[in-house]
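Here is a short briefing to read alongside the model on your screen.

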Amino acid sequence: MNITLDKTSPVSAEITIKMGKEDYAPKVEKAIKEYSRKVQMPGFRAGKVPVALVKKMYGTQAKADEVNKLLQDSLFNYILENKVNMLGQPLGSEKQEPQDIEQQDDFTFIFDVALAPEFNIELNNADTVDYYDIEVAEETITKQLDALRQQAGHPEAVDTYQDRAILRGTLAELDENGQPKEGGIVVEEASLMPTYFKNEDQKQIFASTSKNEVVTFNPTVAYDNNETELSQLFKVVKEEVKNHAGDFSFEVNSISIFAPAELNQEFYDRVFGEGKVTDEEGCRNKIKENIVNVQTNDSDFKFLMDVRAYAEAKVGELEFPVELLKKIMKANNQDKEESYVEDNFDKSIAELKWHLIKEQLVKARNIKVEDADMKAAAMEATRYQFMQMGLNNIPDEYLAQAAEGLLKDKKRVDGLIERCIDQKLTAALKGELTLNHKAISAEDFAKMFD
């Protein structure tokens, strides 16, 4: 077998594979013997069908299979052994002439290959990139503390309506005379939160409501004719809501508010772990520490974005085999619309350029992702999910169990690998580049992503 690579441009090449009968014949003979042991044919015992008969019936198929296997193995082994820096997969060349698997003994196969552009990117302390230090405002800490107190709070019965209170009681539809409507809607255990009414006048009706009082209001006006909310309140399908647009009475059986948790040791232990915080100052410091950790991740993310822009500008324009890459992209997205390639090509090239740059930066720093890194990343991702739900004090053994499940999801694993690489690269570059530190408020930082 003879395999050659000929460059057709600085970023494209042809790989030609010439295959003779001597390359595949032994494999075909072996395949036919396997067929003869397995094939069943009338008049012959299993495994006793003559090889000549099997060859006549299955020889062409065996030949095609073995030639194709040998072709694929040879092509990719050549690319690997010769370190061909290829983009995408090889494509059959337009120069390829039809090959007759039945009549030919010798074959020639030609593939078009997209090559990565050659360039070099080095970053060191001579390179300066902005790094944003996000300030933690006391107001932000207070808001976070209030949210934690709400999450750890409890319902509390009161006698008179207060803002955000929940009213529970009997809802009854009235007729035009203000009397219970015959056959009208009656909901025995209805719940109302007037704070969330859309209409201010309807809110005011409940402003000084007391327990056991009967109030008359119009739900359709209160909820601005929102069929979803009204159907839930009336316990009817949306299509029937329009038939109940009049006044209703509401007999208040109970009023409750959700009282935030007190700032005491029970609260501190519940939120931060037993004995880790003992007073409000320590509580606020712990909240600030958690916010700083999150904001550092945000700053690191922005830093890597800025490194990308800086490195791409430093590398300059790169040459890509545009038409060949479009063919490869089309081959990989045959289920997409015809316009998909043209609509997404420029974005794909931009991502490809950064991928190639990052690949060099990672390789130069010998960055690798180990099992321990993956487990730590999965734990951190799981911890963040719980924090989003207001759960800050999840035991490590429970996090480890949840993280183990995460690592069984291949799509999530691929994302975690990329995250680990980005984190390690960011940490390395923060230690190597000259950072231009800039203090910034959380609000102004957020605006940078608008």
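The lining of the second largest pocket is made up of ten nonpolar, two polar and five charged residues. In that count, Ala, Val, Leu, Ile, Met, Phe, Trp, Tyr, Cys and Pro are nonpolar, Asp, Glu, Lys and Arg are charged, and the others, Gly among them, are polar. Please keep in mind that this is a predicted model, in which local features need pLDDT of at least 70 and side-chain atom pairs count only at pLDDT 80 or more, while totals for chains, interfaces and linings use all residues. Residues are numbered from 1 along each chain as its sequence is written, and side-chain values use heavy atoms, with hydrogens and water left out.

**The second largest pocket**

- The space in this pocket comes to about 460 Å³; the volume is that filled by probe spheres set on grid points, which are joined across faces, edges and corners.
- Lys 83, Val 84, Asn 85, Ala 116 and Glu 359 are the closest to the pocket centre among the 17 lining residues.
- A pocket here is an open set of points on a 1 Å grid over the protein atoms alone, where a 1.4 Å probe fits, with protein on both sides within 12 Å along at least five of seven lines; lining residues have an atom within 4 Å of a point.
- Two or more lining residues come from each of β1 (2-9), α2 (51-81) and α10 (340-364), and α10 gives the largest share, with four residues.
- These element names follow DSSP runs numbered from the N terminus: helices are H or I with at least four residues, strands are E with at least two.

**Salt bridges**

- The count is 25 salt bridges, each being a side-chain nitrogen of Lys or Arg within 4 Å of a carboxyl oxygen of Asp or Glu.
- Lys 430 and Asp 300 pair up at 3.0 Å, N to O. This pair links distant parts of the chain, 130 residues apart, with Lys 430 in helix α13 (residues 410-432) and Asp 300 in helix α8 (residues 280-315).
- Asp 300 is buried at 17% relative accessibility, while Lys 430 is partly exposed at 28%; buried means under 20% relative accessible area, exposed over 50%, and partly exposed in between (1.4 Å probe, protein chains only).
- Lys 424 has its closest contact with Asp 373 at 2.7 Å between N and O atoms.
- Lys 181 and Glu 173 form a salt bridge at 3.6 Å, N to O; Lys 181 is partly exposed at 38%, whereas Glu 173 is buried at 4%.
- Arg 308, Glu 312 and Glu 351 join in a network of salt bridges.

**A nonpolar surface patch**

- Phe 301, Met 305, Met 448 and Phe 449 make up a nonpolar patch with about 370 Å² of accessible area together.
- Patch members have over 30% relative accessible area and no salt bridge; nonpolar side chains (Val, Leu, Ile, Met, Phe, Trp, Tyr) are joined within 5 Å, like charges within 9 Å.
- Accessible areas come from the Shrake-Rupley method with a 1.4 Å probe, and for residues only the protein chains shown count as cover.
- Phe 449 sits in the segment after α14 (442-447) and is partly exposed at 37%.

**Positive phi angles**

- Most residues other than glycine have a negative phi.
- Asn 212 has a positive phi, near 75 degrees; this exposed residue (57%) lies in the loop between α4 (200-205) and β9 (214-217).
- Asn 225 has a positive phi of about 60 degrees and is found in the loop between α5 (219-222) and α6 (227-234).
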